Amino acid sequence: MQLLQGEEIDDLLRSCEHSAYHLEVLDTYETPEEAEPFGKFLAGEPDDYAWGTDWWNLIREVTSTGREVRRARVVTEPHTDYTRWGLVVSEQNIAVGEEIRYLPRHLIDPSELTTDDFWLLDDRALAFTVFEPSGRYVGWGISHDPVIVEHARAVWNRVWDKAVPHAEYVKA
């Protein structure tokens with residue numbers, strides 16, 4: 001499995017022809033890059049979202065050409081602080097063209113999920129999100145194995161079909 005980092009990941013997203021689908025299955029992420037904005041959220045302080053500008057510019061670039069970027073989050077209810085923060089930050093993702101849905105964890109059998117977050121790219125490649133034990137984000141582990149990709153596609157479809165669009169989820 002190949003590990004991609006930094007600009008390699010951006011280039012991979014730019015190279016997608018049709019779709020980039022992201023499944024998130026963890027309730028909390030402890031990446032150092034998000035520590036300051038997450039801390040501001042917990043303290044009730046305003047956020048200018050400057051920390052995410054590069055990512056949101058990339059997603060805008062991809063979606064502005066008609067390619068789909070979708071994110072499905074499997075979340076525990078009641079929400080963790082991180083999930084509550086994610087619901088707020090998601091507005092930035094949506095503004096640049098990403099479609100986001102939420103699936104309450106109790107509505108899906110754990111055997112129908114994966115234990116790892118992943119990106120499904122054009123239904124041809126699978127990129128596992130890799131974290132160090134400390135929670136620091138490392139990069140993407142890429143697989144083109146058709147069996148692994150097909151399994152991820154099946155998981156993605158189950159979750160996406162059951163999940164609720166962001167706007168509906170936050171109203172409920």
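A residue is called buried when its relative accessible area is under 20%. By that cut-off, I9, D10 and L13 are buried in helix α1. The model is predicted.

**Helix α1**
- Viewed down the axis of α1, the buried residues fall within an arc of 100 degrees, so they line one face of the helix.
- These buried residues of α1 pack against β1 (2-4), β2 (19-24), α3, β5 (118-121) and β7 (137-143).

**Helix α3**
- Helix α3 spans residues 53-63, and its buried residues are W56, L58, I59, V62 and T63.
- They cover an arc of only 155 degrees around the axis, which puts them on the same side of α3.
- An α-helix has 3.6 residues a turn, so residues three or four places apart point the same way.
- The partners against which the buried residues of α3 pack are α1 (7-15), β3 (68-75) and α4 (81-95).

**Nonpolar cores**
- In the largest nonpolar core there are 23 residues, and those with the most contacts inside it are L13, A20, V69, W119, L121, A127 and W140.
- At least two residues of this core come from each of α1, α3, α4, β5, β6 (125-131) and β7.
- The element giving the most to this core is α3, with four residues.
- Another core, of 19 residues, lies apart from the largest one and has Y21, F128, A152 and W156 among its members.

**Surroundings of A20**
- Neighbours within four places in sequence aside, A20 is in contact with L13, E68, V69, R70, W119, L120 and L121.

Notes:
Residues numbered from 1 in each chain as written. Predicted model: local features only at pLDDT ≥ 70, side-chain atom pairs only at ≥ 80, totals over all residues. Heavy atoms only, no water. Buried < 20%, exposed > 50% of the residue type's maximum accessible area, 1.4 Å probe, protein only. Arc of directions from axis to C-beta. Contact = heavy atoms within 4.5 Å. Core = buried A, V, L, I, M, F, W, Y, C linked by side-chain atoms within 4.5 Å.
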